[in-house]
Amino acid sequence: MSAPVLLVIAHGSRDPRHAATVHALVERVRSQRPGLRVETGFLDFNVPSVHGVLESLAAEGVRDVVALPLLLTRAFHAKADIPAVLRDAPPRLRIRQTDVLGPSPLLLDALERRLYEAGLSPADKPSTGVVLASAGSSDPEAIAVIADIAREWWHTGWCAVRPAFASASLPRTEDAVAELRALGCERVAVAPYVLAPGFLPDRIARGAAGADVRADVLGPAPEVARVLLERYDAARRPALAALGA
């Protein structure tokens, strides 16, 4: 039996950096799993659309698809938008939707990678406060997950870690930076917990103006690609077990 096609579902953005980063991440996934067919579809703003990709796959005779929401938290898009799009897929397709990417220890590794690339070192952790800056959500479950990640990350040795949000929730990045200054952290770093550039990541960047270090978005970090493959493999597992594989 051929492996299911992995369909990465991204939100999309008017900012061309968003799609470019998504495509770079997908290329990283392909490089980590040669031979796996990986397609990309967007919910809005960019092409190809998710519906268009599904129609094309069905027309080719593809039967099995693993649909992966390129999202860090389980909020509205994962709970409503993506399932609705998948329900409208051609009926010949068997589609399994994976969990979202976060939380995952690999994503914490990717966050640290970006901070070290921005100039920090592991020796700086005890004296550095970090703002874990996410896009934000009106979904309480998503907000609680970000707070949990911040607490978990703090326990790895940082002076302090505070969550912040670019929209829908408080505090904002600049307020979390100020709080860490007031706590007496020797330096303050902002770690964007976002996958690709765009409107809200730019807001995070503006809020980080008072920080000493601002990391890049997670983007095509190898750890992020590994999380995608973990989610894909987990979604495949029940079908393989049913076949006795």
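Residues 24 or more positions apart account for 77% of the contacts in the protein chain with a separation of 6 or more. Contact here means heavy atoms within 4.5 Å. The model is predicted: local features need pLDDT of at least 70, side-chain atom pairs count only at pLDDT 80 or more, and totals for chains, interfaces and linings use all residues. Residues are numbered from 1 along each chain as its sequence is written, and side-chain values use heavy atoms, with hydrogens and water left out.

The protein chain has eight helices and eight strands. Both kinds of element are DSSP runs, numbered from the N terminus (helices: H or I, at least four residues; strands: E, at least two). The C-alpha atoms fill a box of roughly 60 × 35 × 30 Å along the principal axes. A compact globule of 245 residues would have a radius of gyration near 18 Å; the protein chain has 19 Å, which agrees. The radius is taken over C-alpha atoms, and the globule rule is 2.2 Å times the number of residues to the power 0.38. Of the 245 residues, 51% count as buried. Buried means under 20% relative accessible area, exposed over 50%, and partly exposed in between (1.4 Å probe, protein chains only).

Two residues illustrate these classes. Threonine 21 lies in helix 1 (residues 16–32). With a relative accessible area of 14%, threonine 21 is buried. Leaving aside residues up to four places away in sequence, threonine 21 touches Leu195, Ala196, Pro197, Gly219 and Pro220. Alanine 123 sits in the loop between helix 4 and strand 5 (128–134). Its relative accessible area is 65%, so alanine 123 is exposed. Tryptophan 158 is 35 residues from alanine 123 along the chain, and their C-alpha atoms are separated by 9.9 Å.

Two packed helices are described by the angle between their axes and the distance between the axes. Helix 4 (residues 105–117) and helix 5 (residues 140–154) pack at about 65°, with their axes 11 Å apart. Axes are lines fitted to C-alpha atoms, for helices over the stretch in contact, and angles run from 0 to 180 degrees between N-to-C directions. Helix 4 and helix 5 are therefore roughly perpendicular (under 35 degrees counts as roughly parallel, over 145 as roughly antiparallel, 65 to 115 as roughly perpendicular and the rest as oblique). In helix 4, Leu108, Leu111, Glu112 and Leu115 meet Ile149, Glu152 and Trp153 of helix 5. By class, this contact has five nonpolar, no polar and two charged residues. Ala, Val, Leu, Ile, Met, Phe, Trp, Tyr, Cys and Pro count as nonpolar, Asp, Glu, Lys and Arg as charged, and the others, Gly among them, as polar.
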